[in-house]
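Please open the structure in the viewer and keep the selection panel at hand.

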Amino acid sequence: MKILIVIAILAYFAWSYFKPAEVVHLKPGVEAYSEPTQYTVAYAEPFTYKEHILTPVAEFEIQAKVLRQEPYYLDRASEISPVDFVLGWRSMSDQEIVDQFEFRQNLRWYSWHSETARMRNYEIIGQTANTHLIPANDEVRESIKQVKTGDIIHLVGKLVNVQGKDGWFWKTSISRHDKGDYSSEIIWVQDLDIVKTLDLDKLEETDTL
């Protein structure tokens, strides 16, 4: 009997891990016109979160389309960051353009592939970001859980570097045009709202603001 219970628990977690996120498709058109807003912090007091030291390096605000999302449960960073969002703005928030891409996430990295898109690599890099989300509280955590791939979201928080007691260090990007190691944004998410989504029951677009 105990073996069956263990198998059932493992099966549930496997299903939770591998089940695809809900995806919505909005109408064509740019939905997020502006670049992310970012202000460098000259000095901010580090603070502790789940036995990690978080050091803010910039105030950060963005309105963007969620191009893909990936939960993480077993890696080192999952102790504080349960999910990554790939975000897109300007041309990369236009559903007609986004539909020409295939996005992938693995091991906290993201990549894309397209046979038809006419955008150059530097344009794609400059209008997308792989973001590691650290929810500031339970309310934000629940808001993150409600987000569907394809939604337009508005997010406010801080870019942070993370230091673990075991010496583990996680460094945030502060540029929109870097790539490789430390090219992802680590965001202490203080507020997150879904600006536009698709009601999957009514099959119509819904503005929530």
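In which sense do strand β3 and β4 pair, and over how many bridges? Select residues 52-71 for strand β3, together with β4: the two pair in the antiparallel sense over 6 bridges. Strands count as paired if DSSP finds at least two bridges between them. This is a predicted model, in which local features need pLDDT of at least 70 and side-chain atom pairs count only at pLDDT 80 or more, while totals for chains, interfaces and linings use all residues. Residues are numbered from 1 along each chain as its sequence is written, and side-chain values use heavy atoms, with hydrogens and water left out.

**The whole chain**

Of its 209 residues, 43% count as buried; buried means under 20% relative accessible area, with a 1.4 Å probe and protein chains only.

**Strand β4 and its partners**

Next, select residues 83-88, strand β4, where 6 of the 6 residues are buried. V83, F85 and L87 point one way from the strand, D84, V86 and G88 point the other way, and all are buried. Centre the view on F85 in β4, the bridge partner of Q69. In β7, the bridge partner of F85 is T131.

**The aromatic rings**

A pair of aromatic rings is described by the distance of the centres and the angle of the planes. Here rings of Phe, Tyr and Trp (its six-membered ring) pair if their centres lie within 6.5 Å; planes under 30 degrees apart count as stacked, over 60 as edge-to-face and the rest as tilted. By this rule the count comes to 5 aromatic pairs. Select Y49 and W188: their ring centres are 5.1 Å apart and their planes stand at 75°, so the pair is edge-to-face. Because Y49 lies in strand β2 (residues 47-49) and W188 in strand β10 (residues 185-199), the pair ties together parts that are 139 residues apart in sequence. Y49 is buried at 13% relative accessibility, and W188 is buried at 10%.

Move on to F101 and F103, a stacked aromatic pair at 5.6 Å centre to centre with 20° between the planes. F101 counts as buried at 10% relative accessibility, and F103 is likewise buried at 10%.

Finally, select F47, Y49 and W188, which ring pairs link into a cluster.

Key: Helix = DSSP H or I, 4+ residues; strand = E, 2+ residues; numbered from the N terminus. Buried < 20%, exposed > 50% of the residue type's maximum accessible area, 1.4 Å probe, protein only.
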